[in-house]
Amino acid sequence: MNLGKRLEYPMSRKFAISDTCFIIDWSYYKRRECLVKLFDIVLIPEQVLLEVEDERSISWISLQLARGKMQLFTPSPSDLREAERLILEVASRPYLKRIDIPEALCLIVARRINAIVLTENRGALLAAKLLKELKGVTVWRALEVIRESLVRGIIKVTSEKGVKDIFMEYERDTSHVFPKRELEKAVKEVLRCLGMKR
């Protein structure tokens, strides 16, 4: 699918766009279905799919594409030019970490269609925070996706221990360890939103 035209998607719908590192990790999570319940569509750039090599991830992505919960697209030539320009912009700033074409495309397309970028890439997180041209682009890691799934009741819990266990479960399933301080903050936010006492 080509997203080169300005308004292919109604802006009121909830869209996410995923890079490679996020979607591979996420495919190993036993509660991975919460991702496709949280968003109307998760967009997968062609360049991301080309980087996914393990069978488990390919199988899960293929299933979601067939169900219409994920959508593959081919970036327009202008998206690719913008992504290349963004990569050079990031590289020219020593306080930013490098990004590659998949992350840059996710940031560029998300800005245009008001989608949430899904990534674990620190360079993409920093670029979205610090570059004026990416102002307003929201970037979520697995931490934020799980937090939102808990707050919205997509993942059900009944206790503080249950909240913590959900995050720990992701760490066990994917071998991805959350930064301790950020994990504690996410747990507090979920408890507050759900009206649970510490």
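## Basis

The model is predicted: local features need pLDDT of at least 70, side-chain atom pairs count only at pLDDT 80 or more, and totals for chains, interfaces and linings use all residues. Residues are numbered from 1 along each chain as its sequence is written, and side-chain values use heavy atoms, with hydrogens and water left out.

Helices (H or I, at least four residues) and strands (E, at least two) are DSSP runs, numbered from the N terminus. Axes are lines fitted to C-alpha atoms, for helices over the stretch in contact, and angles run from 0 to 180 degrees between N-to-C directions.

## The sheet

Five strands make up an open sheet with parallel pairing, in the order E3-E2-E1-E4-E5. Strand E3 (70-73) and E5 are at the edges with a single partner strand each, so one side of each has no neighbour in the sheet. On average, neighbouring strands of this sheet are turned by 30° against each other, direction ignored. Two strands count as paired if DSSP finds at least two bridges between them. Strands of a sheet pair through backbone hydrogen bonds, either parallel or antiparallel.

Strand E1 (residues 15-18) pairs in the parallel sense with strand E2 (residues 41-45) over three bridges. E1 also pairs with E4 in the parallel sense, again over three bridges. Ile 17 stands opposite Leu 43 in E2, and its bridge partner in E4 is Val 117. Ala 16 stands opposite Val 42 in E2 and opposite Ile 116 in E4. Further along the sheet, E2 and E3 run parallel and are joined by four bridges; Val 42 stands opposite Met 70 in E3.

E2 is mostly covered, since five of its five residues are buried. Ile 41, Leu 43 and Pro 45 lie on one side of E2, and Val 42 and Ile 44 lie on the other.

H8 lies across E4 and E5 and runs at about 90° to E5.

Nine of the 10 residues of H8 are buried, so the helix is largely enclosed by the rest of the structure. The buried residues are Ala 142, Leu 143, Glu 144, Val 145, Ile 146, Arg 147, Glu 148, Ser 149 and Leu 150. Their cover includes helix H1 (20-26), helix H2 (33-38), strand E4 (116-118), strand E5 (138-140), helix H9 (160-174) and H10. After H8 comes Gly 153, which has a positive phi, near 80°.

Helix H8 (residues 142-151) packs with helix H10 (residues 180-194) at an angle of about 15°, the axes being 9 Å apart. That makes the two helices roughly parallel, a class for angles under 35 degrees; over 145 counts as roughly antiparallel, 65 to 115 as roughly perpendicular and the rest as oblique.

H8 contributes Leu 143, Arg 147, Leu 150 and Val 151 to the contact, and H10 contributes Glu 182, Leu 183, Ala 186, Glu 189, Val 190, Cys 193 and Leu 194. By class, the contact has eight nonpolar, no polar and three charged residues. Ala, Val, Leu, Ile, Met, Phe, Trp, Tyr, Cys and Pro count as nonpolar, Asp, Glu, Lys and Arg as charged, and the others, Gly among them, as polar.

## Accessible positions

Lys 37 lies in helix H2 and is exposed, with a relative accessible area of 58%. Its C-alpha atom is separated by 22 Å from that of Arg 192, 155 residues apart along the chain.

Ser 59 belongs to helix H4 (residues 55-67) and counts as partly exposed at 47% relative accessibility. The C-alpha atoms of Ser 59 and Val 151 are separated by 29 Å, and the two residues are 92 residues apart along the chain.

How values were computed
Contact means heavy atoms within 4.5 Å. Buried means under 20% relative accessible area, exposed over 50%, partly exposed in between (1.4 Å probe, protein chains only).
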